[in-house]
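Please keep the sequence and the 3D view at hand while reading.

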Amino acid sequence: MLTSVDADVIRVLGDPLRLKIVTLLARETLCTTHLVEETGAKQTNLSNHMKVLREAGLVETEPCGRFTYYKLRPDVIARLAGQFTELAESARTAAENKRACP
């Protein structure tokens, strides 16, 4: 069953730029400079989105000299995917159940 934490993650991923960032980070660990280049977002805007993604637990940081690298937390995505799989299975079963009207 989806929890309020899962709902928060879904809400965070509802933003097109954040979804693009997550998609990029699914392919490789990137620094802020790379993310600015790939997304075309302003650095301050990107930093705000990265803060939201970090607070949601979707990404973690890795300092490297004067740069900050970001990497996706696959366990969070896998947990969410598992919740959707369970929801889909429940919907398949529920399609056969129909509550009678009073």
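## Helix α3 against helix α4

Helix α3 (residues 32-39) packs on α4 at an angle of about 110°, and their axes are 10 Å apart; an axis here is a line fitted to C-alpha atoms, for helices over the stretch in contact, and angles run from 0 to 180 degrees between N-to-C directions. This makes α3 roughly perpendicular to α4, on a scale where angles under 35 degrees count as roughly parallel, over 145 as roughly antiparallel, 65 to 115 as roughly perpendicular and the rest as oblique. From α3, the residues T32, L35, V36 and T39 meet Q43, L46 and M50 of α4, where contact means heavy atoms within 4.5 Å. By class, this contact has four nonpolar, three polar and no charged residues; Ala, Val, Leu, Ile, Met, Phe, Trp, Tyr, Cys and Pro count as nonpolar, Asp, Glu, Lys and Arg as charged, and the others, Gly among them, as polar.

The model is predicted, with local features needing pLDDT of at least 70 and side-chain atom pairs counting only at pLDDT 80 or more, while totals for chains, interfaces and linings use all residues. Residues are numbered from 1 along each chain as its sequence is written, and side-chain values use heavy atoms, with hydrogens and water left out.

## Helix α2 against helix α4

The axes of helix α2 (residues 16-27) and helix α4 (residues 43-55) come within 10 Å and cross at roughly 75°, and the two helices are therefore roughly perpendicular to each other. In this contact L17, R18, I21, V22 and L25 of α2 meet N45, L46, H49, M50, V52 and L53 of α4, and the residues divide into eight nonpolar, two polar and one charged.

## The three-stranded sheet

The strands form an open sheet of three in the order β1-β3-β2, with antiparallel pairing; two strands pair if DSSP finds at least two bridges between them. The edge strands β1 and β2 each pair on one side only. Two bridges join β1 (residues 30-31) to β3 (residues 67-72), and in that pairing L30 has Y70 of β3 as its bridge partner.

Strand β2 (residues 59-64) is joined to β3 by six bridges, again running antiparallel. Here E60 stands opposite K71, while T61 has Y70 as its bridge partner. The hairpin of β2 and β3 has two residues between the strands, and G65 takes a positive phi near 65° in this hairpin. Helix α2 lies across β1, β2 and β3, and runs at about 90° to β3.

## The chain as a whole

The chain contains five helices and three strands, which are DSSP runs (helices H or I, at least four residues; strands E, at least two) numbered from the N terminus. Along the sequence they follow the pattern α-α-β-α-α-β-β-α.

The radius of gyration of the chain is 18 Å, whereas a compact globule of 102 residues would have one near 13 Å; the radius is taken over C-alpha atoms, and the globule rule is 2.2 Å times the number of residues to the power 0.38. Along the principal axes, the C-alpha atoms fill a box of roughly 65 × 20 × 20 Å. Among contacts between residues at least 6 apart in sequence, 53% join residues at least 24 apart.
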